[in-house]
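Colleague: I would like to learn how to read a model like this one. Please take me through it feature by feature.

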Amino acid sequence: MKYKFILFIIILISVVFQNCFAQKKVGLVLSGGGTKGFAHIGVLKALEENNIPIDYITGTSMGAIIAGLYASGYTPWEIEQLILSDESQNWATGKIDQEYIYYFKKEQNTPSMINFNFQFTGKEAIAQLPTNLIPTHQLDFASMQLFAGAAAAANYNFDNLFIPFRCVASDIYKNEAVIFNHGNLGKAIRASMTFPFYFKPLEIDGALLFDGGMKNNFPQNILIENFNPDYIIGSKTASNSKKPDSEDIFAQLENMLVDKIEFNLPDNGILIESNFTDIKLLDFDKSEQIIKTGYENTLSKIDSIKNLIDCRIDSVDLNNKRKEFKNKIPEIIFRDIYIKGLNSKEKKFVIKSIYKKDTLFNISDFKKEYFKLLAGGTISSIFPEAKYNRETTYYDLELKIKQKSQFNAGIGANISSNAINQGFVSVEYNHLGLFSRIFNANISFGRLYNSLQLNARADFPTKIPVAISAIYTINRWNYYSSSSDPFFEDVRPPYLIKNENNIKINIFSPIGTTGIIKISAAYGDIKDEYYQIMYFNKADTADITNFNFYNFQLAYEKNTFNYKQYPTQGVFQNISINYLFGNEEFIPGSTSLTNNNFNQKHAWFNLKFTYDRYFKFTKKLSAGYLFEGAYTNMDFFNNYSSTVLNSNNFQPTPHSNTMFINTYKAHSFIAVGFKPVIMLSEDLHIRAEVYGMLPYKKIESDINKNAFYDNQFSNPTYILSGAIVYHSIIGPASLSINYYDKLDKKYYFVFNFGYILFNKKGNE
């Protein structure tokens with residue numbers, strides 16, 4: 001009797017397992033929902049921990065990404081680690097990792113806030129407005145990097161993945177859903193999560209595709225029609241749009257763009273709902289909380305899931321199956337390159353830029369060159385595809401490249417509570433051939449600063465890249481004694497007008513990814529109009545110092561700052577040595593102590609060093625520090641004012657760049673600074689800045705307005721600043737208080753929206 005009972009149990013177990021593994025299949029469907037879709041990761045973790053099998057998986061938008069990663073053999077814990085990384089935030093925000101910021105190709109910082117492309121049709125020029133808020137370069141590359149190997153292992157059939165997979169996108173022209181079951185896996189997933197206006201739409205087989213959530217945000221019907229599983233588990237993080245009111249334009253657009261769908265599952269299904277009321281589309285700082293919520297919501301229903309689904313999968317068997325699939329993934333090594341969208345000369349430029357050492361390169365090698373190509377001013381987008389070639393046993397690299405429109409324009413402004421309002425306009429022509437060429441002109445205009453700059457640059461894709469540029473610049477600064485007063489108040493006549501023209505030739509080459517070495521030669525002339533007395537009127541004429549000079553420079557520069565102004569991450573480093581010589585001419589004005597003209601020749605070396613770096617301690621706290629120094633053997637000019645005007649200066653804050661303060665100018669000096677930053681959100685922060693400058697042989701004025709040196713080391717001078725800064729899509733808005741310890745008026749409260757940036761001088 002005992003043996004019969006044991007035999008019965010064995011037969012019963014074998015029948016149950018045979019029935020489960022032979023017939024019973026479980027399908028998982030994941031909804032869209034932006035960052036709320038990270039809850040799907042918690043769902044996967046809970047299901048695997050409780051040995052619930054997943055035989056098929058479908059997803060839309062964020063659900064497509066999570067489902068695609070799982071179907072490619074990533075464990076839920078690997079997916080979690082990936083999503084919580086800084087890299088995943090870069091995919092969604094378009095920010096480029098510091099190590100891939102190719103400073104050699106980066107255009108000089110300008111006050112531009114909005115850029116337009118122009119297309120010429122006949123005699124008309126049509127401005128092309130941006131179609132997406134967030135650059136997709138990071139996302140396009142990640143879609144290849146993450147999924148190319150799994151697609152190759154599955155022979156581009158989604159049924160052959162680790163878990164059979166489907167995702168859905170929306171054909172914007174036909175107004176219908178597009179279901180992907182084969183082909184380029186990364187491209188299909190990238191199309192599925194192309195949220196309108198945030199990301200650029202993707203073209204596949206002639207169809208322009210957007211986010212799958214527009215037509216089917218919970219593809220349970222696709223799961224049923226394609227796989228017909230015995231059981232269905234649904235993870236829902238999205239919901240149908242609410243009825244809009246007349247004042248809510250975003251709700252109105254959502255109702256127009258997104259179809260209503262049914263979230264209820266049939267009797268053989270169970271739904272896991274993760275509802276969020278305080279999570280926005282790109283709230284990455286709440287990722288851990290979202291994943292935890294999905295995990296807890298799944299555990300709360302795990303008994304119901306186990307009661308519904310009577311089969312289990314052993315964790316060892318699952319890991320072995322996953323390992324077996326991953327072992328089939330061929331390493332991504334490229335050999336042949338195929339380019340669409342360029343002519344033969346343009347293709348040669350791209351190919352020479354990628355092939356550096358030999359004809360074989362891995363994905364890490366290509367990633368560096370990918371961002372280098374995009375950093376230039378001639379290419380707007382590169383969509384990369386890696387297709388495994390079974391004959392060569394390497395991957396073919398297919399690049400769909402779109403050039404920037406040859407004609408581009410930019411506009412910018414600085415809107416300020418002080419008299420430092422600025423406007424900015426730029427136009428650009430670029431051409432890509434055997435080498436790339438860019439011609440740029442920009443104009444700045446305002447009460448404080450006016451400038452015209454013409455810039456021509458050519459880049460050559462040699463093994464060691466080289467670029468040559470020629471720049472002609474006209475600068476004019478008008479410094480007012482009441483420049484700190486609100487813009488609606490009258491200001492006195494300028495006490496200093498600085499006119500500067502220069503033409504500069506640069507030859508430069510990259511040092512690594514983030515640095516350049518530059519050799520420059522410049523000719524320029526400076527005309528300073530100034531008063532050497534405190535009080536003057538409109539009838540008076542200013543003293544004038546003309547200085548015609550030549551400047552030869554050797555410089556190394558590195559820059560990985562995340563913002564042009566008010567950075568919170570990265571490093572800026574500059575080491576330069578200049579040799580300058582020229583002729584000074586002094587012309588006295590009506591208030592001068594002398595009536596005699598004066599001429600003198602000058603020649604000197606100038607060595608300058610800047611190191612500015614930010615450290616990130618936590619997600620909310622970072623800090624920067626600054627070291628800056630200058631040393632020169634420059635001699636005195638005719639008088640104290642002209643000597644100071646041509647000396648090195650220390651202007652570490654945006655506001656200090658708008659002021660002329662004698663005490664922060666010296667022939668030689670050392671300076672340090674400390675800058676704690678508190679991040680209130682990804683784009684909003686509070687910062688404090690404390691700087692100390694110590695002049696070496698401080699320049700002083702005697703009773704005859706001649707310059708002389710004080711003690712070798714005088715007392716240090718300080719600059720303090722505190723600001724709350726919001727980095728909008730088009731530029732920074734800041735409210736700051738600035739303190740200068742050597743001025744009669746020490747405190748300056750300033751509101752600015754936009755950039756305070758000037759074209760470089762010829763003697764810099």
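Modeller: Start with strand pairing: two strands pair if DSSP finds at least two bridges between them. Helices (H or I, at least four residues) and strands (E, at least two) are DSSP runs, numbered from the N terminus. This is a predicted model, where local features need pLDDT of at least 70, side-chain atom pairs count only at pLDDT 80 or more, and totals for chains, interfaces and linings use all residues. Residues are numbered from 1 along each chain as its sequence is written, and side-chain values use heavy atoms, leaving out hydrogens and water.

Colleague: Which residue in S8 does Glu-203 stand opposite?

Modeller: Leu-208. S7 and S8 form a hairpin with two residues between them. In that turn, Asp-205 has a positive phi of about 50 degrees.

Colleague: What else pairs with S8?

Modeller: Strand S5 (residues 165-171) does, antiparallel, over two bridges; S8 spans residues 207-210. Asp-171 has Leu-209 as its bridge partner in S8.

Colleague: How should I read a positive phi?

Modeller: Most residues other than glycine have a negative phi. Asn-175 is not a glycine, yet its phi is positive, about 55 degrees. Asn-175 lies in the loop between S5 and strand S6 (176-180). Lys-697 also is not a glycine and has a positive phi of about 55 degrees. Its loop runs between strand S29 (684-696) and strand S30 (699-701).

Colleague: How many disulfides does a search of the whole structure find?

Modeller: A disulfide is a pair of cysteine sulfur atoms within 2.5 Å. The search finds zero. Cys-167 is buried, at 1% relative accessible area. Cys-311 is buried too, at 2%.

Colleague: Now an open sheet. What is the strand order?

Modeller: The order is S12-S11-S14-S13, with mixed pairing. Strand S12 (361-362) and strand S13 (379-389) are the edges, each pairing on one side only. Strand S11 (residues 333-340) and strand S14 (residues 394-403) run parallel, joined by six bridges. Asp-336 has Asp-396 as its bridge partner in S14.

Colleague: What lies across S11, S12, S13 and S14?

Modeller: Helix H14 does, at about 160 degrees to S13. Axes are lines fitted to C-alpha atoms, for helices over the stretch in contact, and angles run from 0 to 180 degrees between N-to-C directions. Contact means heavy atoms within 4.5 Å.

Colleague: How do I check the length of H14?

Modeller: The expected span is 1.5 Å times one less than the number of residues. H14 (residues 363-375) has 13 residues, so it should span 18 Å; its end C-alpha atoms are 18 Å apart, which agrees. Its buried residues include Ile-363, Phe-366, Tyr-370 and Leu-374.

Colleague: Which residues does His-137 touch?

Modeller: Not counting residues up to four places away in sequence, His-137 touches Tyr-370, Phe-371, Leu-374, Ser-380 and Ser-381. His-137 is in helix H6 (residues 137-153). At 19% relative accessibility, His-137 counts as buried.

Methods
Buried means under 20% relative accessible area, exposed over 50%, partly exposed in between (1.4 Å probe, protein chains only).
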